[in-house]
Amino acid sequence: MKIEEFKDFTIQDYHHLLEEKKISPLELIDIFLERIEEGEDKIHAFLFVNEEKAKNEAREKTDNWPEELPPLWGLPVAIKDNICTQGMPTTCGSKMLENFVSPYDATVVERLKAAGAIILGKTNMDEFAMGSSTENSTFGPTHNPLDLRRTPGGSSGGSAASVCALEAPCALGSDTGGSVRQPAAFCGVVGLRPTYGRVPRYGVVGLASSLDQAGPITRKVEDAITILEVISGKDSRDSTCAPYPPFSRNEIPSLEDIRKIKVGVPREYFSSRVEKVIGEKIQEALGKLKGEGVELVEVSLPHTDYALEAYYIVASAEASSNLARYDGVMYGLRVEGEDLQDMYFETRTLGFGKEVKRRIILGTYSLSSGHYDEYYLKSMKVRTLVRKDFEEALKQCNLLITPTTPSFPFFLGEETQDLYERYTDDIFTIPSALAGLPSLSLNCGYEGGLPVGLQIIGGPFEEGKLLGLALWLEKLLALPSPFPELKEGRGQ
Amino acid sequence: MKEVVYLSELEKIARLSKLGFSAEELQSFLRDINDIVAHFEKLNQLDLQDVSSTSHLGGGEPPFFSDEPQAWEGSEEVLKGAPWVAGGYFIVPRIVDKEEKENEDRRI
């Protein structure tokens, strides 16, 4: 079989092929490894390809075919490089962890493996998940497979690019302020940020502990459902994990009930800051739902305009605390010094890149004596207001639909005079992250070969309704799945 | 742009963060931080007096473990990645400060 035959495959399709023994795990892994070899010098989605171990594992599975196949048996999965994978590098895109090999698997990786998945490799990302383009990766940026001159987004840019280019059938990313949804939008694929606490964070390298969530990046909504079923559910090793069982697709309402869902359209997300074509594509998708009898309701999220500032204070403050562990003592980079303090300074100065240092400084400043009330306490109160906005809006509707990003994927290396302008890339994904709500991005159209991401936001632990609407909308839109040719310039 | 963060404060924050900067880098970071912090002033438009703060999103009681020892065999794996280990300990440079050391050396 050839890679192009998998263009429209779901995880279920791979599963059936394997069940019927029309392909072996070894043949399947070889096809993807070949695609990676074909694409990687142009895309650079992977920091580590697990070739030898993946093939050995595939060979072992091929030689020991069980009667009944676990749900992800033989399926290659790419993992963002801030998620711990035993025996493999976990660099977080940073010099600080360049040679760090994790001694354990994150819970999400354990669960994927228990379901029979094979880890294909670790994907590129902005350093310590700080960024929205992968340009902050110490190891060079990833290129958008749909237009190699452009960014795939970030920080899970490598994961999104690998799925878009079909170097992997699916991947895991992490989302703090939009780092699964934004790259999914930029690469024309599906990205799900589960409700905070739905998926365990044990083994996911911490950026901002009250915001981080691991989530699937897939080619179809159906696959996001399959992966969520595997990775979600309580874990005693993560005290912030909600005490619920794993998500089940039985939580998805019937189509008849989905049609009765009221969709809220927040006016603040359709302001002049959104590129005109993006706004038009979202309205077209809303028009399709309306044409099918879905009720659209205009709602307001009045504190949207303050969410970005609140987020950057909270996230930087938490990051400054989380990244204090990188001191050269127990793991990671160590640069020797005259004494212990000197070693800390030398290690951290050399080990972190500019954006990471910037956010540590910002976070430390926000938490410091004399500034705590002015910045951190204030931002936590704004967070309450943002949450209440969503609570009120979700009394008038069941789900919200917005653009995922205000603009199209920008060119790599594009200079911006205003540093803060780059932070506004996440302006539509940040509020729902602050509120801990589930949200998903799916492609709703192309303009000049570039995708437009549509975001659906749901109530807490209401992934069922969210995924149900996303499944149906995906069918209504009937867009082609990406399969870029990987030439210079536009590839789709 | 109004300067909210001054150089002396940035130097102090850098020390707290255990990050070293050249004079040129400090000036560049000073501009960046002031640029970002200027945007944070927007939050002053809101009346937050009677608003509670949200520090985390989990509800209910934090989970507890029973206070019983558990066997853990992972020490070797964890220590493998350490820069310098001896006798099951992480070895680091001298912690005693220079002045104390000089006094100690004088006493010997």
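The largest cavity is lined by Ala129(A), Met130(A), Gly131(A), Thr176(A), Gly177(A), Gly178(A), Ser179(A), Leu207(A), Tyr311(A), Tyr312(A), Arg359(A) and Asp426(A). The structure is a predicted model, in which local features need pLDDT of at least 70 and side-chain atom pairs count only at pLDDT 80 or more, while totals for chains, interfaces and linings use all residues; side-chain values use heavy atoms, with hydrogens and water left out. Residues are numbered from 1 along each chain as its sequence is written, and chains are lettered from A and ligands numbered from 1 in the order in which they are written.

The volume of the largest cavity is about 60 Å³. A cavity here is a set of points, on a 1 Å grid over the protein atoms alone, where a 1.4 Å probe fits but cannot get out, and lining residues have an atom within 4 Å of a point. Grid points are joined across faces, edges and corners, and a volume is the space filled by probe spheres set on the points. Five nonpolar, five polar and two charged residues make up this lining (Ala, Val, Leu, Ile, Met, Phe, Trp, Tyr, Cys and Pro count as nonpolar, Asp, Glu, Lys and Arg as charged, and the others, Gly among them, as polar). Domain 1 (3-253 + 460-477) and domain 2 (304-382) of chain A each give at least three residues to the lining of the largest cavity, with bounds from an automatic or database domain assignment.

One lining residue, Ala129(A), has a positive phi of about 65 degrees although it is not a glycine. Ala129(A) counts as buried at 7% relative accessibility (buried means under 20% relative accessible area, exposed over 50%, partly exposed in between, with a 1.4 Å probe and protein chains only).

The second largest cavity has a volume of about 40 Å³, and its lining holds six nonpolar, three polar and no charged residues. Strand S11 (450-457) of chain A provides the largest share of this lining, three residues. Helices (H or I, at least four residues) and strands (E, at least two) are DSSP runs, numbered from the N terminus.

S11(A) also runs antiparallel to S9(A), joined by four bridges, with Ile401(A) opposite Ile456(A) in S11(A). Two strands pair if DSSP finds at least two bridges between them. Strand S7 (residues 262-266) of chain A runs parallel to S9(A), through two bridges. Five of the five residues of S9(A) (residues 399-403) are buried, so this strand is largely enclosed by the rest of the structure.

Definitions and conventions. 1 Å grid on protein atoms, 1.4 Å probe; cavity = no way out; pocket = protein on both sides within 12 Å on 5 of 7 lines; lining within 4 Å.
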